[in-house]
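Subject: Structure for you to look at

Dear colleague,

I am passing on the structure below, together with some notes on what turned up in it. Please keep it open beside you while you read.

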Amino acid sequence: MRITLAQISPKLNRTNLEDILKTINSVKNDSDIIVFPELSLSGYMLQDKLTEDAWYEAELDELRELSKDIDIVIRLALREEKHFRNTALYFSKGELLSKHYKVHLPNYGMFEEARYFEAGNVFESFLVKDKRVSMVVCEDLWHKNVRHDLMEQNPDIIIALVSSPARGFSDGGLEIEDKWLEIIKTVSRECSSTLIFVNRVGFEDGLGFWGGSCIVDSNAKILHQLPHYEVVVKTFEI
């Protein structure tokens, strides 16, 4: 399987779709799946802009069409009737194969997601060819009950879409990265799954995102990892 990690720097507006389509077109002949970070269609710090910049599912037909050539995993602010949800979508073969609403919405410190989004309440898995896949979003993985749910789903592949700001700088490195690596290695080992972790880069309203996207195997070994702070779109064979 050829997996493309799209470690991008989304803008805080709706112009991201054009750039994302260009990125997908640039790799669709050489990859089986491309994975984007959390809220890659709209930027992270939406706050009151949510009512203007959230997307309806019907506006994503270009992604649906491109998925005839390559599977696409993307995260966006989705408008559904009166609700807004932080949502992961998996497009494959011209269809929306799966939709996951972020369950654990952070509401502390710099994070205010629970103020703007409606939470989901279900973790599911779905089949892609002969592989069982589960999707999670950022804060979801920090909760032990989620790991239990994932083990029950028994996925071959876990896809984690993340917008993690850089914090905890020290001489030994970035403390938030150390914590994330501890979590994803634990989850991959407990679930005996390959884990695809895609974090964004760039700056928004004083927050800087660190990247470091990676692929971890079922033995908690990091197979591939992208650099910090750089926009990188790269395909790996696993």
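Helices (H or I, at least four residues) and strands (E, at least two) are taken as DSSP runs, numbered from the N terminus. This is a predicted model, in which local features need pLDDT of at least 70 and side-chain atom pairs count only at pLDDT 80 or more, while totals for chains, interfaces and linings use all residues. Residues are numbered from 1 along each chain as its sequence is written, and side-chain values use heavy atoms, with hydrogens and water left out.

Side chains of opposite charge can pair when their charged atoms come close. Taking a salt bridge as a side-chain nitrogen of Lys or Arg within 4 Å of a carboxyl oxygen of Asp or Glu, the count comes to 15. One of them joins E18 to K22, with the closest N and O atoms 3.7 Å apart; these two residues lie four apart in helix α1 (residues 16-27), and are therefore separated by about one helical turn.

For accessibility, buried means under 20% relative accessible area, exposed over 50%, and partly exposed in between (1.4 Å probe, protein chains only). On that scale E18 is partly exposed at 49%, whereas K22 is exposed at 52%.

Another salt bridge links D53 and K49, whose closest N and O atoms are 2.8 Å apart; here D53 is buried, at 6%, and K49 is partly exposed, at 27%. Finally, a network of salt bridges connects E57, D61, R64, E80, R85 and K99.

Best wishes
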